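Here's a quick briefing to read alongside the structure. Have the sequence and the 3D view open, and we'll go through it topic by topic.

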Amino acid sequence: IRMELFEYNFMRRPLSVEVENHCFFWPKEKQLAFFQDVSDRIEKEPLDSPVVEALERGGFSVVKGGWRDHVSDDLKQDLRKFRTYNSESVRDLLRAMRNKKHHYR
């Protein structure tokens with residue numbers, strides 16, 4: 001939908017309702033709920049399952065080399081209290097987000 005927004009021919013552009021419903025424009029609460037649902041869905045999947053492999057395939061652009069490098073020191077320290085996370089994994093990023101939502105202090 002992103003590149004279609006800039007289409008010169010207005011007939012090829014998406015309708016405003018299509019743009020409005022795109023996940024980029026969701027409220028933060030809906031975005032977090034979506035990430036939590038995805039995390040719940042993949043939690044018990046083996047690492048070599050097609051869904052986890054698809055999630056991790058473009059992961060470098062999501063985790064930016066290691067998502068832990070992009071969060072505060074306090075959050076890093078708090079996350080380490082309960083479990084270890086692979087900072088290069090989208091799955092672990094989603095797990096950390098879900099766990100912080102459930103156990104926020």
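This is a predicted model: local features need pLDDT of at least 70, side-chain atom pairs count only at pLDDT 80 or more; totals for chains, interfaces and linings use all residues.

- Four residues of helix 2 are buried: Gln 31, Gln 36, Ser 39 and Ile 42.
- Look down the axis of helix 2 and those buried residues fall within an arc of 135 degrees, so they line one face of the helix.
- As a reminder, an α-helix has 3.6 residues a turn, so residues three or four places apart point the same way.
- Over on the other side of helix 2, you'll find Glu 29 and Asp 37 exposed.
- The buried residues of helix 2 are covered by elements including helix 3 and helix 6.

**Helix 3 against helix 6**

- Helix 3 (residues 50–57) and helix 6 (residues 90–102) have axes that come within 8 Å of each other and cross at roughly 95 degrees.
- On the helix 3 side, the contact is made by Val 52, Leu 55 and Glu 56; helix 6 brings Val 90, Arg 91 and Leu 94.
- Sort the residues of this contact between helix 3 and helix 6 by type and you get 4 nonpolar, no polar and 2 charged.

- Arg 83 sits in the loop between helix 5 (73–80) and helix 6.
- Is Arg 83 buried, exposed or partly exposed? Its relative accessibility is 34%, so Arg 83 counts as partly exposed.
- Setting aside neighbours within four places in sequence, Arg 83 is in contact with Arg 95 and Asn 99.
- Arg 83 and Ser 72 are 11 residues apart in sequence, with 17 Å between their C-alpha atoms.

- Lys 64 has its place in the loop between helix 4 (59–63) and helix 5.
- What is phi of Lys 64 near? The angle is near 55 degrees, a positive value in a residue other than glycine.
- Lys 64 has a relative accessible area of 54%, so it counts as exposed, the cut-off for that being over 50%.

Note on methods:
Residues are numbered from 1 along each chain as its sequence is written. Side-chain values use heavy atoms; hydrogens and water are left out. Axes are lines fitted to C-alpha atoms, for helices over the stretch in contact, and angles run from 0 to 180 degrees between N-to-C directions. Helices (H or I, at least four residues) and strands (E, at least two) are DSSP runs, numbered from the N terminus. Contact means heavy atoms within 4.5 Å. Ala, Val, Leu, Ile, Met, Phe, Trp, Tyr, Cys and Pro count as nonpolar, Asp, Glu, Lys and Arg as charged, and the others, Gly among them, as polar. Buried means under 20% relative accessible area, exposed over 50%, partly exposed in between (1.4 Å probe, protein chains only). The arc is that of the directions from the helix axis to the C-beta atoms.
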